[in-house]
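Subject: Structure for your review

Dear colleague,

Please find below the structure that I am handing over to you. I would be grateful if you could look through it alongside the notes in this message.

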Amino acid sequence: MNTTSIKELRTITTFDAPIELLWKVWTEPKHIVNWWVPAGFTSTIQVMDVQEEGEWRLTMHGPDGKNYPNRSIYLEIIPYHKIVFEHFNPHFTTTVFFEEKGDETQVDWSMLFDTPEMYDILVKAHKADEGQKQNIERLARYLKVLLGSSMN
């Protein structure tokens, strides 16, 4: 039995955008701030040092007026291929693979939780799966805006 499946949230999506643009929107604060939160939220990035052992700190601002600080450390960066970071409180590891598919880019995004219980808390109780889905939808819309503006 593969116990990883009950501790992992994984989404594979193909975007109609070049890999260079996908990499930018995942690694540059001026871009990620436009899509990296669930619907109704905004964010402020304090630090985003995209290199191994670099820190990423951001605050999500909820529609309820509450602030939700987030802190991560980048564990592995392979430009245009892979990003791995460890998120703290709650603890999980995110891995994102980028694969060029002609004019499109496939993104394989997973969050691995420490235990099945932590998965249940974050996915079932706090709807991390819906949050990830909303991030992907926001990312797709943001990419269309960027591609539309670069063609004018």
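**Confidence**

Please bear in mind that this is a predicted model. The average pLDDT of the protein is 92, and 95% of the residues reach at least 70. Confidence is highest in helix α1, residues 19-27, with a mean of 98, and lowest in helix α3, residues 116-125, with a mean of 85.

**The sheet**

An open sheet is built from 7 strands, which follow one another in the order β1-β7-β6-β5-β4-β3-β2 with antiparallel pairing. At its edges are β1 (8-15) and β2, each of which pairs on one side only. From one strand to the next, the twist averages 20°.

Strands β2 and β3 run antiparallel and are joined by 6 bridges; here Ile45 stands opposite Leu58 in β3. Strand β3 is also joined to β4 (residues 67-78), again antiparallel, by 7 bridges, and the bridge partner of Leu58 in β4 is Asn70.

Is Thr13 buried or exposed? Its relative accessibility is 18%, so Thr13 counts as buried, the cut-off being under 20%. Apart from neighbours within four places in sequence, Thr13 is in contact with Thr105, Gln106, Val107 and Ile136.

**The helices against the sheet**

Helix α1 lies across β1, β2, β4, β5, β6 and β7 (104-113), and runs at about 160° to β6. Helix α3 lies across β1, β6 and β7, and its direction is at about 125° to β7.

Which residues of α3 are buried? They are Tyr119, Leu122 and Val123. Seen down the helix axis, the buried residues of α3 fall within an arc of 85°, and therefore they line one face of the helix. On the other side of α3, the exposed residues are Glu117, Lys124 and Ala125. In general, an α-helix has 3.6 residues a turn, so residues three or four places apart point the same way. Just after α3, Lys127 takes a positive phi of about 60°.

**The nonpolar core**

The largest nonpolar core contains 38 residues, and those with the most contacts inside it are Leu22, Val25 and Trp26. When neighbours within four places in sequence are left aside, Leu22 is in contact with Phe15, Ala17, Phe98, Thr105, Val107, Leu139 and Leu143. More generally, nonpolar side chains tend to be buried together in soluble globular proteins.

**Loops and backbone details**

Strands β2 and β3 form a hairpin with 6 residues between them. Glu53 lies in the loop between β2 (42-48) and β3 (55-61). Although Glu53 is not a glycine, it has a positive phi of about 75°. Glu53 counts as exposed because its relative accessibility is 72%, where the cut-off is over 50%.

The loop between β5 and β6 holds two further points of interest. Asn89 is found in this loop, and its phi, near 55°, is a positive value in a residue other than glycine. Asn89 is exposed, with a relative accessible area of 71%. Pro90 also has its place in the loop between β5 (82-88) and β6 (92-101). What kind of peptide bond joins Asn89 and Pro90? The bond is cis, with omega at about 10°.

Finally, Glu28 is found in the loop between α1 and α2 (29-32). Glu28 is partly exposed, with a relative accessible area of 26%. Glu28 and Asn67 are 39 residues apart along the chain, and their C-alpha atoms are separated by 22 Å.

With kind regards

Definitions and conventions. Residues are numbered from 1 along each chain as its sequence is written. This is a predicted model: local features need pLDDT of at least 70, side-chain atom pairs count only at pLDDT 80 or more; totals for chains, interfaces and linings use all residues. Side-chain values use heavy atoms; hydrogens and water are left out. A nonpolar core is a set of buried Ala, Val, Leu, Ile, Met, Phe, Trp, Tyr and Cys residues joined through side-chain atoms within 4.5 Å. Buried means under 20% relative accessible area, exposed over 50%, partly exposed in between (1.4 Å probe, protein chains only). Contact means heavy atoms within 4.5 Å. pLDDT is the predictor's confidence in each residue, from 0 to 100. Helices (H or I, at least four residues) and strands (E, at least two) are DSSP runs, numbered from the N terminus. The arc is that of the directions from the helix axis to the C-beta atoms. Two strands pair if DSSP finds at least two bridges between them. Axes are lines fitted to C-alpha atoms, for helices over the stretch in contact, and angles run from 0 to 180 degrees between N-to-C directions.
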